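Subject: Structure handover

Hi,

Here is the structure I promised you. Please open it alongside this email. My notes follow below it.

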Amino acid sequence: MSASLPEFPWDTLADAKAQAAAHPDGLVDLSVGTPVDPVAPLIRDALAAAGSASGYPATAGTARLRESAVAALDRRFGITGLAEAAVLPVIGSKELIAWLPTLLGLGSTDAVVVPELAYPTYDVGARLAGAQVVRADSLTQLGPLTPSLIYLNSPSNPTGRVLGVDHLRKVVTWARDRGVLLASDECYLGLGWDAEPVSVLHPAVCDGDHTGLLAIHSLSKSSSLAGYRAGFVAGDPTVVAELLAVRKHAGMMVPTPVQAAMVAALDDDAHERQQRERYERRRAALLPAIRSAGFGVDHSEAGLYLWATRGEPCADSVRWLAGRGILVAPGDFYGPGGARHVRVALTASDERIAAAAQRLTQG
Ligand SMILES: Cc1ncc(COP(=O)(O)O)c(C=O)c1O
């Protein structure tokens, strides 16, 4: 099976990492985009308080968790009209994305559309199900093809591009007219800087009708819970019910203490705001510094990354930055269109970001 999957991209960065780690002031790792800030005490406390639970968790999650998710989506993103039964917790959105085509029963006669520059797991999930993958950013690129599933990702990993309401409406209408399921990966939705990201479930996009729509949410970045594995999918109640029906057999239930931690995280906006402000500060330090080093920065109006280019092959940029002790991801990890870009993550401590900014400005 692994032979049918691409080479695991991060394994190929070992040489650049060794080079960057040899810097006298140490490595600044801006490659994977893993959160570095400690989990908020109120979330840790909720996890610990649920630590004695010994029974199996329900696949659907607790009613309290689903209520909290519905309320947080309304408060934070203006999503209305979502029933609790239209929410399903998942052990991280990567796991959902890797198995969604399989859980939906897609196979060799199905096509899955992913963005031209995309988080690699969309492609992996389609391959695990044996489905075809089509890279496209516009509906006209699809021609007469009717896919079974379309992924959107706004704000985008890796480009930070935000899709506007008009664009989202057009895709929703097109997909609905053809009975195509639209899965919108919204794990960076709360991180808008120069643009305001909008959910596919927002009434301005879908007119309050969630038919054929799934929004995928993760607490990994918004609450720094990447290590807990915590996310959920929400949207079309029929599709969510189908996923639940399959998952009752297949497992992948969210552990009870993690569910309790998710409730605490979803009920509290203060720590989420604080985390957002940290990333905003790091972006403000890094953006001028990367530009001063001769990089152009495209899109990057939202999300956790700067999509940067010096007009050279990405391997050259990775090497140049590694020479300054800074490790970034080559753009071609995300699709052939990224061959001349690198992705610079905002996920390092303030001290490491300041070190990177200083090295970049000093030439
Ligand atoms: C676009 C996108 N979707 C999903 C994920 C997975 O997040 P998690 O599995 O931690 O919820 C990531 C992680 O970086 C991502 O960039």
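Which strands does helix H3 lie across, and at about what angle does H3 run to E2? Helix H3, residues 63-77, lies across E2 and strand E8 (231-235). Its direction is at about 105° to E2. Keep in mind that this is a predicted model.

The sheet

E2 and E8 belong to an open sheet of 7 strands. The order is E2-E8-E7-E6-E5-E3-E4, and the pairing is mixed. Strand E2 (87-90) and strand E4 (132-135) stand at the edges. Each has a single partner strand, so one side of each is left without a neighbour in the sheet. On average, neighbouring strands are turned by 20° against each other, direction ignored.

Look inside the sheet at strand E3 (residues 111-114) and strand E5 (residues 149-153). These two run parallel and are joined by 2 bridges. Val113 stands opposite Ile150 in E5. As background, strands of a sheet pair through backbone hydrogen bonds, either parallel or antiparallel.

The helix pairs

Two helix contacts deserve a line each.

H1 with H11: helix H1 covers residues 14-21 and helix H11 covers residues 314-322. Their axes come within 8 Å and cross at roughly 25°. An angle under 35 degrees counts as roughly parallel, so H1 is roughly parallel to H11. On the H1 side, the contact uses Ala16, Gln19 and Ala20. They meet Val318, Arg319 and Ala322 in H11. By class, the contact has 4 nonpolar residues, 1 polar and 1 charged.

H10 with H12: helix H10 (residues 270-292) packs against helix H12 (residues 350-361) at an angle of about 20°. The axes are 8 Å apart. That angle makes H10 roughly parallel to H12. The crossing is left-handed. From H10, the residues in contact are Arg282, Ala285, Leu286, Ala289, Ile290 and Ser292. From H12, they are Asp350, Ile353, Ala354, Ala356, Ala357, Leu360 and Thr361. This contact divides into 9 nonpolar, 2 polar and 2 charged residues.

The ligand

Which residues come nearest to the ligand? They are Gly92, Ser93, Lys94, Ser218 and Ser220, out of 13 residues around the ligand. The shell has 8 polar residues, 3 nonpolar and 2 charged.

Best wishes

Technical notes: Residues numbered from 1 in each chain as written. Predicted model: local features only at pLDDT ≥ 70, side-chain atom pairs only at ≥ 80, totals over all residues. Axes fitted to C-alpha atoms, helices over the stretch in contact; angles between N-to-C directions. Helix = DSSP H or I, 4+ residues; strand = E, 2+ residues; numbered from the N terminus. Parallel < 35°, antiparallel > 145°, perpendicular 65-115°, else oblique. Contact = placed C-beta atoms within 7 Å. Nonpolar A, V, L, I, M, F, W, Y, C, P; charged D, E, K, R; others polar. Left-handed = near helix turned anticlockwise from the far one by under 90°. Near = placed C-beta within 6 Å. Pairing = 2+ DSSP bridges.
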